[in-house]
Amino acid sequence: MRYVDCAAAERRLLVALRDCGRQPRIAAAARALSVTGEHGALWLAAGLAGAAADRERRGAWLRATALVGAAHLASIGVKAAVRRPRPRLPFGEPLVRTAGRHSFPSSHATSAAAAAVAFGALRPAGRRLAPPLAAAMCVSRLVVGVHYPTDIAAGAALGGLAVRLGARWMTGPRRCSAPEGGPGGPPRPAFRGRHD
């Protein structure tokens, strides 16, 4: 009985959000987010742009981008195994076409959450910009009517977990402080005799 109640509540939420897509501005924004998020394109491009702009952390940006791509691929694997059909709503067609027929988990949500966690760990600007954009992209998939809320939640959890598991690799080896006068450390003062 509880499963039926949860499924009905999930469907009601989806219908309510899809109904928001009747407003032209909301529909346009949701379509734009969905299209740019296809195959993780927006996040991969953002990671490469970060690597180009931030020379100090270029390696970390590239590894973060690789983690986003890996999370996206993992979501496709899970989706192929679960094979949950996409939602069928009582009114209207989805606002966008989809790359595949299966919906669990949302690959858009996976790559968005992975990017929010990964890029947020690299720069303060990433912490400010990536999470709200990722959340908007997740909601956009409900507004366009191609995912259930549990698809989004599972995708976001998968993306966040993938980056957490790869966090040490992403940030690279920690540099130990070199002993005084050692490589990278301050030079030792020149030896001075008693008469200097």
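Three salt bridges are counted in this structure, a salt bridge being a side-chain nitrogen of Lys or Arg within 4 Å of a carboxyl oxygen of Asp or Glu. The model is a predicted one, in which local features need pLDDT of at least 70 and side-chain atom pairs count only at pLDDT 80 or more, while totals for chains, interfaces and linings use all residues. Numbering starts from 1 along each chain as its sequence is written, and side-chain values use heavy atoms, with hydrogens and water left out.

The protein has eight helices and zero strands, where helices (H or I, at least four residues) and strands (E, at least two) are DSSP runs numbered from the N terminus. Of its 196 residues, 39% count as buried; here buried means under 20% relative accessible area, exposed over 50%, and partly exposed in between (1.4 Å probe, protein chains only). Contacts are defined by heavy atoms within 4.5 Å. Among contacts with a separation of 6 or more, 79% come from residues 24 or more positions apart. The accessible surface comes to about 12,000 Å², and 62% of this belongs to carbon and sulfur atoms; the areas come from the Shrake-Rupley method with a 1.4 Å probe, and for residues only the protein chains shown count as cover.

The side chains of Arg123 and Asp54 meet in a salt bridge with an N to O distance of 2.8 Å. This pair links distant parts of the chain, with Arg123 in the loop between H5 and helix H6 (124–143) and Asp54 in the loop between helix H3 (41–53) and helix H4 (58–82), 69 residues apart. Arg123 also forms a salt bridge with Glu56, and the closest N and O atoms of that pair are 3.5 Å apart. Glu56 sits in the loop between H3 and H4, 67 residues from Arg123.

The remaining pair to describe is that of Asp151 and Arg84, whose side chains meet in a salt bridge at 2.8 Å, N to O. Asp151 belongs to helix H7 (residues 149–165) and Arg84 to the loop between H4 and H5, 67 residues apart. Asp151 is buried, since its relative accessible area is 0%, whereas Arg84 is partly exposed at 23%.

Asp151 also meets His147, as the two side chains make a polar contact of 3.3 Å. A polar contact is a pair of N or O atoms within 3.5 Å; within protein, one must be able to donate a hydrogen and the other to accept it, and residues adjacent in sequence count only if both atoms are side-chain atoms. A polar contact of 3.3 Å likewise joins the side chains of His147 and Arg86. His147 is found in the loop between H6 and H7 and counts as buried at 1% relative accessibility. Leaving aside residues up to four places away in sequence, His147 touches several residues, including Leu14, Lys79, Pro87, Arg141 and Ile152.

Finally, Ser111 lies in helix H5 (residues 107–120) and counts as buried because its relative accessibility is 0%. Its contacts, not counting residues up to four places away in sequence, are Gly40, Trp43, Val68 and His72.
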